[in-house]
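Work through the exercises below with the model open beside you. Try each task before reading its solution.

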Amino acid sequence: MQVTIGVIGPSESVGKILKVAEEFPNTQCIPYIYENVTELPALIEQGRPIVDQWLFSGIMNHMYALENDLVQEEQSSFPYLHGSSFFGKLLEIQQKEERIIQSVSIDYITAEEVQKALSFYDLDKLQFETVSSSLNGNAEQLSLVHEKLYIEGKSEVAITAMKDVYDRLRKRNIPVYRLTPSYIAIKLAIELLIEKANSKRFENLQMAVIGCQALNSSNVIDQSLFEWKHQDLDLKKNLLTFTQKLNGSFVEVADGLYYIYTTKGEIDEEVEASLLTAIESFKLNNQLEIGFSIGYGQTVLAAEQHVRYGLNQLKTGAEPSLLVVKTKNDITQKVQSDFGSMLNTAAIRTVLQEKFHLTETNARDVLRIALNSRRDNKQEFTADDVAKWFNNTKRNARRILVDLQQVDIIELYNKTQTTPRGRPSNVYRFKDTELLFGKEE
């Protein structure tokens, strides 16, 4: 199985890595070259659909990517500079200087890493001055520290991982050597990423079962069997849509209990957020409480056991949550606030009732309109839209909109002509979009 690795960095560094990568026949390494580290976001976004793992040319651009949430640690790495890279450079220095060097200054490697590297060898006489990692990335400050240590006689030569520092010190006639990843370091980094990619693929092939349960179906059935049948059909329709998106299979296990069988690789944050949205949507639109649990396992049996265990923890009247069960000792509960893109309906409901003094019914209407308009990507809406969303008459929809306009939640935005001879329809929008949808990025 071929692994695709994105090799990212300056042209010279990427070239060295690609030469080593030729030894891996089942691995495709794609170069992503930049001149400035600020180009990283665009390059990573370009490669995201096809790249399994990212190999950065060094620690600095790797740190930049992690700090800016461009990649995750489990999908990236870089060739380490201590170990073979470090000792290879020391050997090169002794040869070129034609003398035994007793003291050096070095950046991008911590004192602890140096001590670990030297602990297996009798190199106690070799003195190292490590530059503070807080200066990493600041070429001017790093070069000044190296120069100061050299002038004070604390180092005979400087070793730097930054090309800018190397160029600055050379101009100042300070003996300096550039620390670059060794052949062995690059090879080990590629092997690590191949192992990570294969491990991730194996994990993504794990069985996943999404369990859905109607939590208050018995109450609904007691009130009206026909109403429950309609709600049941709506729920199945939504679950079939989920199943299609997940390339899975749908099974009705019992009345009000349904399973979607798929693989772990099909489930991401967007899917989890959609499941939570469905819980809130059915509660508001259908007065039906449903709950979801996701069970993972190496086998179908294990995944089913885990999903059943999660469903047994669900309770009516609780905050909408999604239980993800990997084992009985590894359960994660996810709620709306875990997803920045979701409406926090509980918080919004509190504001609506406290700030605008809305009744429970009016607050529910606002949330229903907000959920449906967000789903359909409609910032403006008419009575026709609300009637469709609420499965109600246009007359009743107009009444709801007038009530919400009177309490200053929505405002008249425009008028539109829906039919050639009919009266123009009012177009409304929310007055406080930040309350319902958050600040725009």
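**Exercise 1. An enclosed strand**

Task: Determine how many of the seven residues of β11 are buried, and describe the pairing of β11.

Solution. Step 1: Six of the seven residues of β11 are buried, so the strand is largely enclosed by the rest of the structure. Buried means under 20% relative accessible area, exposed means over 50%, and partly exposed lies in between, using a 1.4 Å probe and protein chains only. Strands are DSSP runs of E with at least two residues, helices are runs of H or I with at least four, and both are numbered from the N terminus.

This is a predicted model, so local features need pLDDT of at least 70, and side-chain atom pairs count only at pLDDT 80 or more, while totals for chains, interfaces and linings use all residues. Residues are numbered from 1 along each chain as its sequence is written, and side-chain values use heavy atoms, with hydrogens and water left out.

Step 1: Look at the partners. Strand β9 (residues 207-214) pairs with β11 in the antiparallel sense over seven bridges. Two strands pair if DSSP finds at least two bridges between them. Methionine 207 has threonine 263 in β11 as its bridge partner.

Step 2: Turn to strand β10 (residues 249-254). Five bridges join β10 to β11 (residues 257-263), and these two run antiparallel. Phenylalanine 250 faces isoleucine 260 of β11. Alanine 254 is opposite leucine 257.

Step 3: Check the turn. The hairpin of β10 and β11 has two residues between the strands, and glycine 256 takes a positive phi near 85° there.

**Exercise 2. A helix and its neighbours**

Task: Which residues of α15 are buried, and what do they pack against?

Solution. Step 1: The buried residues are Ala383, Asp385, Val386, Ala387, Trp389 and Phe390. Six of the eight residues of α15 are buried, so the helix is largely enclosed by the rest of the structure.

Step 1: The buried residues pack against α11 (269-285), α14, β15 (380-381), α16 and β17 (425-430). Contact means heavy atoms within 4.5 Å.

Step 2: Take α16 (residues 394-406). Its axis and that of α15 (residues 383-390) come within 8 Å and cross at roughly 110°. That makes α15 roughly perpendicular to α16. Angles of 65 to 115 degrees count as roughly perpendicular, under 35 as roughly parallel, over 145 as roughly antiparallel and the rest as oblique. The contact residues of α15 are Ala383, Asp384, Val386, Ala387 and Phe390, and those of α16 are Lys394, Ala397, Arg398, Ile400 and Leu401.

Step 3: Now take α14 (residues 360-375). The axes of α14 and α15 come within 10 Å and cross at roughly 100°. The two are therefore roughly perpendicular to each other. Val386, Trp389 and Phe390 are the α15 residues in this contact.

Step 4: Look just past the helix. Asparagine 391 takes a positive phi of about 55°.

**Exercise 3. Two single residues**

Task: Is glutamine 53 buried or exposed? Then classify aspartate 338.

Solution. Step 1: Glutamine 53 is found in strand β3 (residues 53-56). Glutamine 53 is buried, with a relative accessible area of 2%.

Step 1: Its side chain reaches the backbone nitrogen of serine 76 at 3.4 Å.

Step 2: Aspartate 338 is in the loop between β14 (330-335) and α13 (345-355). At 45% relative accessibility, aspartate 338 counts as partly exposed.

Technical notes. Axes are lines fitted to C-alpha atoms, for helices over the stretch in contact, and angles run from 0 to 180 degrees between N-to-C directions. A polar contact is a pair of N or O atoms within 3.5 Å; within protein, one must be able to donate a hydrogen and the other to accept it, and residues adjacent in sequence count only if both atoms are side-chain atoms.
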